[in-house]
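Please keep the viewer open as you read.

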Amino acid sequence: MSPILVPVLALMIPIVAILSGTLVKPWLKHRERALEIEANKLAEKAAQYAAQTERLEQRVRVLERIVTDRGLDLSDEIERLRDQPPLN
């Protein structure tokens, strides 16, 4: 082993550590921010899907009530529902 190899390696280790710290830290912060933005987009989509599902469930409840409620005249119920504002 060369006598100059040990001092060179001793100097290279801190240099590599410093360079990796200055290059890796900003990249990790950038990646973390990108993941946060993506998570926010996904949460917003999930909220939109939940709202749409709720509207569809309300419409299905109305249809089930119309079909299963034998005490009301079907045509009168449909006409009354047409007069209501849409659930969308």
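How many residues apart in helix α1 are Glu-36 and Arg-33? They are three residues apart in helix α1, which spans residues 5–68, and this separates Glu-36 and Arg-33 by about one helical turn. Helices here are DSSP runs of H or I with at least four residues, while strands are runs of E with at least two, numbered from the N terminus.

Before going further, a word on conventions: this is a predicted model, in which local features need pLDDT of at least 70, side-chain atom pairs count only at pLDDT 80 or more, and totals for chains, interfaces and linings use all residues. Residues are numbered from 1 along each chain as its sequence is written, and side-chain values use heavy atoms, with hydrogens and water left out.

Back to that first pair. The side chains of Glu-36 and Arg-33 form a salt bridge, at 3.4 Å from N to O. The term stands for a side-chain nitrogen of Lys or Arg within 4 Å of a carboxyl oxygen of Asp or Glu. Glu-36 has a relative accessible area of 38% and is partly exposed, and Arg-33 is also partly exposed, at 47%. For these classes, buried means under 20% relative accessible area, exposed means over 50%, and partly exposed lies in between, using a 1.4 Å probe and protein chains only.

By the salt-bridge rule, the model has three salt bridges. What about the other bridges, which involve Arg-61? Arg-61 pairs with Glu-54, where the closest N and O atoms are 3.9 Å apart. Arg-61 also meets Glu-57 in a salt bridge, at 3.7 Å from N to O. Glu-57 and Arg-61 are four residues apart in helix α1, so about one helical turn separates them. Shared partners join Glu-54, Glu-57 and Arg-61 into one salt-bridge network. Each member is partly exposed: Arg-61 at 44% relative accessibility, Glu-54 at 34% and Glu-57 at 39%.

Now turn to how the helices sit against each other. Two packed helices are described by the angle between their axes and the distance between the axes. The axes of α1 and α2 come within 10 Å and cross at roughly 155 degrees. Axes are lines fitted to C-alpha atoms, for helices over the stretch in contact, with angles running from 0 to 180 degrees between N-to-C directions.

Asp-69 is partly exposed, with a relative accessible area of 34%. Its C-alpha atom is 38 Å from that of Ala-43, 26 residues away along the chain. Thr-68 belongs to helix α1 and is exposed, at 58%.

Finally, look at the surface. A nonpolar patch with about 1,100 Å² of accessible area together includes Ile-4, Met-12 and Trp-27 among its residues. Such patches are made of residues with over 30% relative accessible area and no salt bridge, with nonpolar side chains (Val, Leu, Ile, Met, Phe, Trp, Tyr) joined within 5 Å and like charges within 9 Å. The areas come from the Shrake-Rupley method with a 1.4 Å probe, and for residues only the protein chains shown count as cover. Met-12 lies in helix α1 and is partly exposed, at 41%.
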